[in-house]
Amino acid sequence: MKLNPFRKKTSGYYDAIKAKFDDTHRELDATQNELAKAQAEYHKENTSYQQIRDAASCYALSNTEKQSRQHKVVSECFNRVNQLESDVSQIQSRLQPLRRIVDAPQRYDETQATLLRLVDQRQIQSAEHNKTEALIAKVEKRAADVENRMAAETNAASRQMIDAEGDFVVPESLTRLEVELRLTHASMVNLQQQHEAVAVQNKELPAQIRDAERAFIHARAVIAEIELHEQLMPVMNLFARAAATRHQNSRRHEDEYKFNIEIPHELLESARSELAAEVPSA
């Protein structure tokens, strides 16, 4: 599995961590199996002890030798369970930092894909928002035009009705305008609903994108750490030598397991620019 698109040749750091993780996970599985058996054994022996104690109580008998032996067995089973639970907890604590490295490539791919999807969604919804606003403006203009024409047609029809000596027939043009106006209002309602739905989605997206960016940046930081170790392992002896000699030369440097290196300003600025370019944006 590749770490990321920028990874070059490696020294096997990730593979070594993965192998250690697999070994530790197998150890955890085996210990958890032992724990399950021990818990079942404890439950069985404790049930037997309760039965022996209840029987002794029914017959008003004192603490029998059988009851004492069973109590000892139960105590041993209980101690075994406690020890295995402690072992499981310790193995899990060793597994967690390894899991952080092992899961990093998949986590990187997933967080990057999520961020890209959300950014694309923001672009699509922004375009939909603008399109809906343009349609609303167009329909509003058409509604105003229909209302003006309808007012004029209504006035004309009113005069015709007043002047008519016989039956009056509503002009077909006025009927068409009434239908068109109803359709225009219905279209406006639909467009307003679409506009509000997109607005709600657009309101939620910024927070989702910020969360996705944080998750991606965290995953990328672990990948960068892995890449650093991959490239540093071949020269780690030089770091060890420098740290050890510095410690021997000055005991004030108590921690000889660390050696700080100052990064040139221009390299750091360049790295920041590259990192910013890697984060998708609308």
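User: What does leucine 115 touch, not counting residues up to four places away in sequence?

Analyst: Leucine 115 touches Ile209, Ala212, Glu213, Phe216, Val279 and Pro280. Contact means heavy atoms within 4.5 Å. This is a predicted model: local features need pLDDT of at least 70, side-chain atom pairs count only at pLDDT 80 or more, and totals for chains, interfaces and linings use all residues. Residues are numbered from 1 along each chain as its sequence is written, and side-chain values use heavy atoms, with hydrogens and water left out.

User: What makes a nonpolar core, and which residues have the most contacts inside the largest one?

Analyst: A core is a set of buried Ala, Val, Leu, Ile, Met, Phe, Trp, Tyr and Cys residues joined through side-chain atoms within 4.5 Å. Buried means under 20% relative accessible area (1.4 Å probe, protein chains only). The largest has 29 residues, and Ile17, Ile101, Leu115 and Ile226 have the most contacts inside it. Helices α1 (13–58), α2 (65–102), α3 (104–163) and α4 (172–232) each supply at least two of its residues; helices are DSSP runs (H or I, at least four residues), numbered from the N terminus.

User: Why is glutamate 147 called partly exposed?

Analyst: Partly exposed lies between buried and exposed, the latter being over 50%. Glutamate 147 has 38% relative accessibility, so it counts as partly exposed. Glutamate 147 is in helix α3 and touches Leu181 and His185, not counting residues up to four places away in sequence.

User: Why does isoleucine 263 count as exposed?

Analyst: Its relative accessibility is 53%, so isoleucine 263 counts as exposed. Isoleucine 263 lies in the loop between α5 (236–249) and α6 (265–278).
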